[in-house]
Amino acid sequence: MSIFSLSSSFEPQGDQGQAIAKLSKSLLAGNEHQTLLGVTGSGKTFTVANVIEQVSKPTLIISHNKTLAAQLYSEFKAFFPNNAVEYFVSYFDYYQPEAYIPRTDTYIEKDSSINDEIERLRLSAMSSLMMRNDVIVVSSVSCIYGLGSPDDYQNMMVPVRVGLEKDRDEFLRGLVAIQYERNDIDFSRGKFRVRGDVVEVFPAYLEDRCIRVEFFGDEIDRMSEVDPLTGTVTSRLEEYTFYPAKQFVTPKEKIAIAIREIRAELKERVELFEKNQQYLEAQRIKQRTEYDIEMMQEIGFCQGIENYSRHLTGRPPGSKPGTLLDFFSKDFFLVIDESHVSIPQIGGMYEGDRSRKTTLVEHGFRLPSALDNRPLQFKEFMESTRQRLYVSATPAKFEIQNSRVGVDGYIPHQRAKIGEEELTPERLPRISGSQQPISSFLPEKNGTDLIVEQIIRPTGLLDPILTIKPLKGQIDETIALCQERIALGERVLITTLTKRTAEDLTDYLRKLDLRVRYIHADVDAIERVEILRSLRSGEIDILIGINLLREGLDLPEVSLVCILDADKEGFLRSETSLIQTVGRAARHVKGEAVLFADKMTDSIERLVSITNYRREVQQGYNERHGIIPQSAKRNEQETLKLYQGGKAVDDVLVAEAGSDGDVLAVIKELEEEMQEAAKKLEFERAALIRDQIKELKQNAEGRGEPSTRESRKRKQVPYA
């Protein structure tokens, strides 16, 4: 019986059923690599949810950014309401890593702003993995970064039960050891308060309840789950386990051993610097390390304690750091979403981190052991996982080579070999439309790994029609195509090769009275969201971009994609880029992609082959089931902007406040809104409000006195 219980009113449709069956049987057979090639709109998330239920193992799902991870978290939480679905991403709203620039002798101190809600979710994920098996963790690449030892985390838990003989002060010392703070006034997550023989603890991983422990002498007499605001008892407990309030926790005895090792390393480092007449570096590392040691001795923690993680966990130099992956059981299931992006991202974290820290070590800002506080190398990551499912509409070479194609399936644009004999598409059986039972295509032996296609959209939508036009006159032709679509109330995406071209083309189209904007990496993240919202709402009709108009964009109103200079083979015009870009028009019933090219590159040829194949399969499915394709529908995103620019925000607030206002009241209200947005995982909105708070404070300081209103009555659009 599965440890997971999938809750959904939907049944597998299209080719979801065969994908679920093939992937599940492959995983149950013990195969390590399998790929789900699922096009946009084919219901990949629902398929993965079914596979998770069938495989019945703790599951880690990795996404390449935390906004998409938040979407997956919400979807899987709805699919598995009775299981533990957790969210684990970087808990920094803002993060500036420690760095040193020798050329200008500039030291940049670590600066960060921790999001309390995301920290709670991270701790919740860690505690869930410790106490249950039915856990799904949706994570960003943050899961490969150093974390406290799971053994230390488990050994420092504080279990209690009714009737247990335990001195109250001993219990309090146990809470302090796992980084809980006593605060009888400001009672919040990660704190406890004491009232005689009654101790109330607000676990750092819980959102809206605390635990009350009542003593009678040296015995625990009663335990309750309590509403922290009203004090109302919601349920009685017989036993409970308190997990650490911080991600890095270490027993006192280990800290004592670690401090001796840190001092020994410090001595060696100082001697080396002095031998090389680097007296400034010697003084710098000695002063910094001694301060950190003193903090660890006094409170068991110091800023940047993760840089001493190798000593604190007793690992040898160069060894693999502890990460979230170590909190899972040895046999867990890994899903990598948008694998063609996520896998290179995972592989690229180590070198960048090491380069920065090497400079810090060489100039006396950190001990060499700080290099062992690092993300996993890609080899270590692969060794830490066993069974993997790669999910992508455009799997890369890594996924293709590892998920070997046998007689159980194929990708039409990918040629496979058995021995030296090449298997062409004509020699391989097609799952879609085949009269043979699905079981005949399934692997029976361990080692037969799979690439499974899921290219049928239950909505009946076909891949966009592809049209190739000559380069000569591509701008004039693009303008004519745009005007045709705009007349029908539809939207257009245009992709260029450079930022300069995108900006110049935008200016040119504006002179023709076309409503157009551009988007590229230099555009602020919040502004990008606003531009996309404007496109969907009809405030603009054309959006010009470079590489951002690809994965993760859901724009049902877009019916036309124009790709300029499509025959300039390279990263921006590779097979993957072309497929992802063309896919932006796949949610409109009249979707079309126009490629301007004078020659058929290999990437364009493969794009045409794949698109025609998918259209053929989808068309056949529609005819057999009497489906009439209809454009996808999605609610329009409300604006994130409260005002058009930070200065305007402050001016409006000040104007309405008058001389009797209080800027602190407005800032407090904005901070409450920011926390609420973060709690709902609306990161862009939270970031915008954070920037407004910062500008309000700066402008108030510039005037020398607070000047805004007591209650905010500002003109604003919804979602403020």
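This is a predicted model: local features need pLDDT of at least 70, side-chain atom pairs count only at pLDDT 80 or more; totals for chains, interfaces and linings use all residues.
1. **Overall make-up.** The protein has 20 helices and 27 strands. It runs to 720 residues, and 53% of them count as buried. Take the contacts between residues at least 6 apart in sequence: 75% of these join residues at least 24 apart.

2. β3 pairs with β8 (residues 135–139) in the parallel sense, over 5 bridges. Within this pairing, phenylalanine 88 stands opposite serine 139 in β8.

3. **The α2 and α3 pair.** α2 covers residues 44–55 and α3 covers residues 66–79. They pack at an angle of about 50 degrees, and their axes are 11 Å apart. The two helices are therefore oblique to each other. The crossing of α2 past α3 is right-handed. From α2, the contact takes in Thr45, Phe46, Val48, Ala49 and Ile52. From α3, Leu72, Glu75, Phe76 and Phe79 meet them. By class, the residues of this contact divide into 7 nonpolar, 1 polar and 1 charged.

4. **The sheet of 6 strands.** A further open sheet has the order β22-β27-β26-β23-β25-β24, again with parallel pairing. β22 (465–469) and β24 (516–519) stand at its edges. Each of these has a single partner strand, so one side of each lacks a neighbour in the sheet. Neighbouring strands are turned by 20 degrees against each other on average, direction ignored.

5. β26 (residues 558–563) and β27 (residues 592–596) pair in the parallel sense over 4 bridges. Cysteine 562 stands opposite valine 594 in β27. Helix α14 (residues 499–511) packs on the sheet and touches β23 (491–495), β24 and β25 (542–545). The direction of α14 makes about 175 degrees with that of β24. Helix α17 (residues 602–625) also packs on the sheet, touching β22 and β27. Its direction makes about 150 degrees with that of β22.

6. **Positive phi at glutamine 277.** Glutamine 277 is not a glycine, yet it has a positive phi of about 60 degrees. It sits in the loop between α7 (252–275) and α8 (279–299). Is glutamine 277 buried or exposed? The relative accessible area is 61%, so glutamine 277 is exposed.

7. **Positive phi at glutamate 338.** Phi of glutamate 338 is near 45 degrees, again positive in a residue other than glycine. Glutamate 338 lies in the loop between β17 and α10 (339–362). Glutamate 338 counts as buried, at 14% relative accessibility. The cut-off for buried is under 20%.

How values were computed. Residues are numbered from 1 along each chain as its sequence is written. Side-chain values use heavy atoms; hydrogens and water are left out. Axes are lines fitted to C-alpha atoms, for helices over the stretch in contact, and angles run from 0 to 180 degrees between N-to-C directions. Angles under 35 degrees count as roughly parallel, over 145 as roughly antiparallel, 65 to 115 as roughly perpendicular and the rest as oblique. A crossing is left-handed if the near helix is turned anticlockwise from the far one by less than a right angle, and right-handed if clockwise. Contact means heavy atoms within 4.5 Å. Ala, Val, Leu, Ile, Met, Phe, Trp, Tyr, Cys and Pro count as nonpolar, Asp, Glu, Lys and Arg as charged, and the others, Gly among them, as polar. Two strands pair if DSSP finds at least two bridges between them. Buried means under 20% relative accessible area, exposed over 50%, partly exposed in between (1.4 Å probe, protein chains only).
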